[in-house]
Amino acid sequence: MTPSGAEVLRQIKSRIEEVDPSAVREQLGNGAVVLDVREAEEWSTGHIPGAKHVPKSFLESRIEGAAPDRDQHVILYCQSGNRSAWAARTLIDDLGYTNVESMTGGITLWKDRGYDVEQPRTLTAEQRDRYSRHLLLPEVGIEGQQKLLDAKVLLLGAGGLGSPTALYLAAAGVGTLGIVDDDTVDLSNLQRQVIHNSDRIGVPKVDSAEETIKALNPDVNVQKYRVRLGPENIMDILPDYDIVVDGLDNFPTRYLLNDASVRLQIPVVSAAILGFEGQLSVFKPYDGPCYRCLFPSPPPAELAPSCGANGVLGVLPGTMGLLQATEVIKLILGEGDPAIGRLLMYDALAATLSEVKIRRDPECPICSREPDEIGDDEMGVFPDYEAFCAGAH
Ligand SMILES: [Zn+2]
């Protein structure tokens, strides 16, 4: 006669070690692997702090990832203590584990005792759909998407570079985008500043950018700063952010940004464009050179775009802005090789991308010193700007 399910379970429980939730609680953090064998929907309602999740139906294929050593102490639990008993038998009899226990009463008894429960962060159904192509990439996945949603990125300028960068960072689900821009939308901007449109001429760029971003992705929180970045506000704005995207069009502010970002140890993804050529580098303080290591003194004034209106191919800031957005996302995810210590140079007419290595300057006036040694009066030191631009003509 075939024994009933209840009888089989009774036999299994008599052959495995069972352990009370109070003993499991004492074991937390003592090297035992606590394994939740419930289904994903049950796990998402809360689990024992520090527990790993391997659903019973995936036990054979995933146990090695959670507990690679067959002699290590493994404690299994489920909702009420039955599925974990079955799973314990599988680990012992079929997979050769030697030190396995099943928690009596499951998470139900654990919760009844008033012990701590950890609530796993999950994406909403809408987010799973919106970011589904990210979730399919092992380099992103749910964990990476949550990093993106938690990230705070500051965009300096909602112009040629800032427009495409902001659009794609918003689409990717970067949770907080700060935008610094004191300008309004002008008809001559629309040839390249694609976050704005013809209906918004005369509208502050920060408002226009916010409207486009909100329509694209309501997950994104937009912080607007309708100011010019300067010594009087930079130390108020920057500390709230993880990464700065530099689309600045003038050298004095670039030096100021460099000095402040080194002091605050915030990486800057920087790009510049002129005519048919673009440059990009990632300045990660103390991991690589800073902007002053690359340009100890300002470049020749005739190369300073802000000294007058310069021509630019409309798609070029798009290309460079999306290279910036890519570097930002790599930094947030911690994937790939960011362009730290490298200056990438894109020539649109030649269709070439080349790079030069740049090194930290041991004599650099800023990054050769500790962050707290950089004083307020030293930040953004730069030759007189009017005089600098006058030299261009
Ligand atoms: Zn430096």
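This is a predicted model: local features need pLDDT of at least 70, side-chain atom pairs count only at pLDDT 80 or more; totals for chains, interfaces and linings use all residues.
Me: Which residues of α10 and α15 meet?

Reply: From α10 come Pro 164, Thr 165, Tyr 168, Leu 169 and Ala 172. On the α15 side are Pro 317, Gly 318, Gly 321, Leu 322, Gln 324, Ala 325, Val 328 and Ile 329. Sorted by class, this contact has nine nonpolar, four polar and no charged residues.

Me: What are the angle and the axis distance for α10 and α11?

Reply: Helix α11 covers residues 205-216, and its axis lies 9 Å from that of α10 at an angle of about 30 degrees. α10 and α11 are therefore roughly parallel to each other. Here too the crossing is described by its hand: α10 passes α11 in a right-handed crossing. Ala 166, Leu 167, Ala 170 and Ala 171 of α10 meet Thr 212, Ile 213 and Leu 216 of α11. That contact has six nonpolar residues, one polar residue and no charged ones.

Me: How do α4 and α5 cross?

Reply: Helix α4 (residues 59-66) and helix α5 (residues 83-94) cross at roughly 75 degrees, and their axes come within 12 Å. That angle makes α4 roughly perpendicular to α5. Leu 59, Glu 60 and Ile 63 of α4 meet Ala 87, Thr 90 and Leu 91 of α5. By class the contact has four nonpolar residues, one polar and one charged.

Me: Now the metal site. Which residues coordinate the zinc ion, and at what distances?

Reply: Read the donor atoms, then the angles, then the spacing in sequence. The donors are the SG atoms of Cys 290, Cys 293, Cys 364 and Cys 367, at 2.2 to 2.4 Å. Angles among these four donor atoms run from 95 to 119 degrees, and the site is tetrahedral. Along the sequence, the donor residues follow the spacing C-x2-C-x70-C-x2-C. Cys 293, in helix α14 (residues 291-294), and Cys 364, in the loop between β13 (352-357) and α16 (385-390), are 71 residues apart, and this pair links distant parts of the chain.

Note on methods. Residues are numbered from 1 along each chain as its sequence is written. Side-chain values use heavy atoms; hydrogens and water are left out. Axes are lines fitted to C-alpha atoms, for helices over the stretch in contact, and angles run from 0 to 180 degrees between N-to-C directions. Helices (H or I, at least four residues) and strands (E, at least two) are DSSP runs, numbered from the N terminus. Angles under 35 degrees count as roughly parallel, over 145 as roughly antiparallel, 65 to 115 as roughly perpendicular and the rest as oblique. A crossing is left-handed if the near helix is turned anticlockwise from the far one by less than a right angle, and right-handed if clockwise. Contact means heavy atoms within 4.5 Å. Ala, Val, Leu, Ile, Met, Phe, Trp, Tyr, Cys and Pro count as nonpolar, Asp, Glu, Lys and Arg as charged, and the others, Gly among them, as polar. Donors are N, O and S atoms within 2.8 Å of the metal (3.2 Å for Na, K and Ca); water is not among the atoms, so sites may look incomplete. Four donors count as tetrahedral if all angles lie between 85 and 135 degrees; four count as square planar and six as octahedral if opposite donors are over 155 degrees apart and all others between 65 and 115; anything else is irregular.
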